[in-house]
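Please look through the sequence and the three-dimensional model shown here, and keep both in view while you read the report.

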2 protein chains.
Amino acid sequence: MAINEESAVLAANRAYYRAFERGDFDAMAAIWADDEVSCVHPGWPALVGRRDVLESYRLILANPDQEPVTCDQETVILGNGVARVLCVESVGGASLAATNLFVLSGDGWRVTHHHASPIALRVERGGERRLN
Amino acid sequence: MAINEESAVLAANRAYYRAFERGDFDAMAAIWADDEVSCVHPGWPALVGRRDVLESYRLILANPDQEPVTCDQETVILGNGVARVLCVESVGGASLAATNLFVLSGDGWRVTHHHASPIALRVERGGERRLN
């Protein structure tokens, strides 16, 4: 059950990035929850509410200079009908840390929050840290 | 009830920043949940697990060059025994967008995730956007 839930959350996370990859605004709108949504794009202040969040994606997906965004290194944390996916986005040669929150609705897991920010610090094994 | 819950979440959010302000590692450790915790400090990759997250705070709070961190413009989004606070942190003259996640445990609301990133983009009324 937990494994199936984790697979379903990962599938929803992939759907988010697939919508990005395809510049598919309708698919992006469908993967976001109906309410209680918020978003922090890299370098942006927080956007609150479905209307403002989707308008930001409309602009981003329509931008011809937008670099492709891919995602790997997913970690899923599940509980209470909500899920958190931490992953690393690759955008134009840069790495970003992303927090994606999902809620389980009648038609599956949908995004309620996205927060992405550039990674400037490398964390080495053993606790050593240095700037890239 | 909802108002009381929101007040309780905001109090937990303030407790997080008060621990930061006082450099109080014990208070910071107490405000974090026992498990399923994760954290993205500004410019950092995601840290997963209470041990790694608290070790990062131990280093940050012990750093004599750490600028004070304050928080305002809180927005609370509540549901399913979890809560999300979006707020603006002020650190050394810079503004950061923060996502703070809380879970309701036996002894109140505790932090399960923190993600903060510098704000480089100003969003004007009417949808006009420009870089600071």
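Predicted model: local features only at pLDDT ≥ 70, side-chain atom pairs only at ≥ 80, totals over all residues.

Of the 132 residues that make up chain A, 46% count as buried.

**Strands and sheet**

In chain B, 6 strands form an open sheet whose order is β2-β1-β6-β5-β4-β3, and the pairing within it is mixed. The edges are held by β2 (47-48) and β3 of chain B, and because each of these has a single partner strand, one side of each is left without a neighbour in the sheet. The partner relation between β3(B) and β4(B) is antiparallel and extends over 9 bridges; within this pair, T75(B) stands opposite L86(B).

In chain A, strand β3 (residues 69-79) and strand β4 (residues 82-91) also run antiparallel, and 9 bridges join them. Here L78(A) is the residue that stands opposite A83(A) of β4(A). The hairpin of β3(A) and β4(A) has 2 residues between the strands, and in this hairpin N80(A) takes a positive phi near 60 degrees.

How many residues does helix α3 of chain A have, and what span should they cover? It has 13 residues (50-62), which at 1.5 Å a residue should span 18 Å, and the end C-alpha atoms are 18 Å apart, which agrees. Within α3(A), the buried residues are V53(A), L54(A), S56(A), Y57(A), I60(A) and L61(A). They cover an arc of only 150 degrees around the axis, and therefore lie on the same side of α3(A). An α-helix has 3.6 residues a turn, so residues three or four places apart point the same way. On the other side of α3(A), R51(A) and A62(A) are exposed.

Buried in α3(B) are V53(B), L54(B), S56(B), Y57(B), I60(B) and L61(B). Because these cover an arc of only 150 degrees around the axis, they are on the same side of α3(B), while R51(B) and A62(B) are exposed on the other side.

| Pocket | Nonpolar | Polar | Charged |
|---|---|---|---|
| Largest pocket | 16 nonpolar residues | 7 polar residues | 8 charged residues |
| Second largest pocket | 14 nonpolar residues | 6 polar residues | 2 charged residues |

The largest pocket has a volume of about 530 Å³. It is lined by 31 residues, and those nearest its centre are V82(A), A83(A), F102(A), G79(B) and V82(B). Two or more lining residues come from each of β3, β4, β5 (94-105) and β6 (108-118) of chain A, and likewise from each of β3 (69-79), β4 (82-91) and β5 (94-105) of chain B. The most is given by β5(A), with 4 residues.

The second largest pocket has a volume of about 450 Å³. Of the 22 residues that line this pocket, H41(B), P42(B), W44(B), I60(B) and Q66(B) are the closest to its centre. At least two lining residues are supplied by each of β6 of chain A and α1 (2-22), α3 (50-62), β4, β5 and β6 (108-118) of chain B. I60(B), one of the residues closest to the centre of this pocket, is also among the buried residues of α3(B).

Notes
Residues numbered from 1 in each chain as written. Chains lettered and ligands numbered in written order. Heavy atoms only, no water. Pairing = 2+ DSSP bridges. 1 Å grid on protein atoms, 1.4 Å probe; cavity = no way out; pocket = protein on both sides within 12 Å on 5 of 7 lines; lining within 4 Å. Points joined across faces, edges and corners; volume = space filled by probe spheres on them. Nonpolar A, V, L, I, M, F, W, Y, C, P; charged D, E, K, R; others polar. Buried < 20%, exposed > 50% of the residue type's maximum accessible area, 1.4 Å probe, protein only. Arc of directions from axis to C-beta. Expected span 1.5 Å × (residues − 1).
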